[in-house]
Amino acid sequence: AKDKGAFLEKFRKDRKTGKGLARGIDDLRIESLTNSFESDIVQADRLRTAKIRDINSQINDGLDILGKGGAISDKDIDEFRKQAGDVGDEATVKRVDFLERENNELKDIGRGGSGAMLRAADEARVTIEAARRAGKTTPEYLLDKEKRLRKAAEARRKLEERDPMAAAAAAHGALTMPMLSVADIIRDPQNFKDHIRANINASGMYDVAPVYMTQDTISKLKVAFEKTNTDFETQAALVSSIQEAAGPLAPRVFAQIASQTEASDLAHVGALMNPEVSKAYFKGRQAILSRTEVDEPLQGSMKNDLNKMLGASMQLKPGLYGDLLATSEAVYLARHAGKRYDKDKYENIVHELVGGRFTGKNAVGGLIEHKGRALILPRDFTRDDGAFESAFDSITDVSLRSVQDARGTPVFMNPRTGVAEAVDASSLRKDYNLMPYGAGLYVLTDRAGNHVAAGDLIEMDDGTTFYEPRRNPYVLDFSKVIR
């Protein structure tokens, strides 16, 4: 287009004199050539403009990727630079250079995680505010940079919380530990044990709640534990390996599996760390599969008896009710298929499935009734209503305060008065209900069903206080508070 433009300009000058390029050409031919050249130039400019627009769109996409915590490969940047050079647009070439600088800087900053990104954003904000106070115009790129850093920090923090090992890989540009297959876990539980430890360490590095498996591992377990998967032998071996590898952490590891796969009932059984129950569960599932469906009267009896045992107690944990129904059905069939239904045997299985067991002749753990509601006992607590009531009545204000979060004082925002009332032992006994949240873990509600301690009263250094709602309800750890 540039060559044709220069040619056309000289052609127009020569036309006036009839010399040079226009020598010997009549006016009609000159007009035709001029129109043809002008048309070619317009078309070339349109193509060039479209190409520049496309390159800049790709650069914008790259900046958006940076804003989401990602990175651009050197190969892609080199391709952008080549395309910008081909169209000969200096402004686009400069934008490619800018993208490369931002990409490299974010890589360097990103090695320090979301915290480093936020600090860099804060530094950019300090520079912006200093320019404003000085009456200077703030560079647009600096405003954009701050936004990108904050956006990237938010995206990286989510990754750190969900998959800290992936966050570490993103920070260092490479995997920090080899990926695991289901076969690897079954073949040698030590592989999974190392995997758990690496995830815990990565969680600690980013100061997030412990994560025990990468999302890559979870995705493989999700396939292995699918409801439609009837390879019970592999599933049983996998559960056994996870139990061996996780040891005391098994309930937490299985809790992550339950929250991120369909296998909540299987994870419930695995967390019990009871090989006999696990074996019965898989045997029962095989029996259910072979019979197509459970005998309807038998299934109805189990469900009715489970409802009587639990009442409305599981409304905070509806998933647990479904898990108990599915697992108790499978274990009962494994142990007593073909026999007349026995309510006592079924109830013992339910106790077993919430962590209950017998130590000699004494029953510990399982379910008891308190104020007309079923509660799951701590696993080593005697299964006796009187023993529970006695321990419950021994709770004092001092013991409640000894286990509360250092963040603040759990308070009940009374809906009638609007006053924040500290959770105390007297109210616990007289005014509040306990709702099961786990073995020995209880959520408090008032008589209307409102969460007690849905927030904390935070005290500042100057003595002032403010109310801060909780993300999750306050949970009373019975074993700790009576210790």
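The buried residues of helix H18 are covered by, among others, strand S3 (367-370), strand S4 (373-376), helix H20 (425-430), strand S7, strand S8 (441-445) and helix H21. Here contact means heavy atoms within 4.5 Å, and buried means under 20% relative accessible area, with exposed over 50% and partly exposed in between (1.4 Å probe, protein chains only). Helices (H or I, at least four residues) and strands (E, at least two) are DSSP runs, numbered from the N terminus. The model is predicted, so local features need pLDDT of at least 70 and side-chain atom pairs count only at pLDDT 80 or more, while totals for chains, interfaces and linings use all residues. Residues are numbered from 1 along each chain as its sequence is written, and side-chain values use heavy atoms, with hydrogens and water left out.

Which residues of H18 are buried? In this helix, spanning residues 385-393, they are Phe388, Ala391 and Phe392. They lie on the same side of H18 because they cover an arc of only 100° around the axis (taken from the directions from the helix axis to the C-beta atoms). An α-helix has 3.6 residues a turn, so residues three or four places apart point the same way.

Stepping back, the chain holds 21 helices and eleven strands. Of its 483 residues, 41% are buried. Among contacts between residues at least 6 apart in sequence, 58% join residues at least 24 apart.

The largest pocket contains about 1,600 Å³ of space. A pocket is an open set of points on a 1 Å grid over the protein atoms alone, where a 1.4 Å probe fits, with protein on both sides within 12 Å along at least five of seven lines; lining residues have an atom within 4 Å of a point. The volume is the space filled by probe spheres set on the points, which are joined across faces, edges and corners. Of the 41 lining residues, Pro251, Ala255, Tyr437, Gly438 and Leu441 are the closest to the centre of this pocket. Helix H12 (250-260) gives the most to the lining, with eight residues, and strand S7 (433-438) and helix H21 (478-481) each supply at least two.

Two loop residues also deserve a look. Lysine 371, in the loop between S3 and S4, has a positive phi of about 55° although it is not a glycine, and is partly exposed at 39% relative accessibility. Aspartate 207 likewise has a positive phi of about 55°, and is exposed, with a relative accessible area of 65%.
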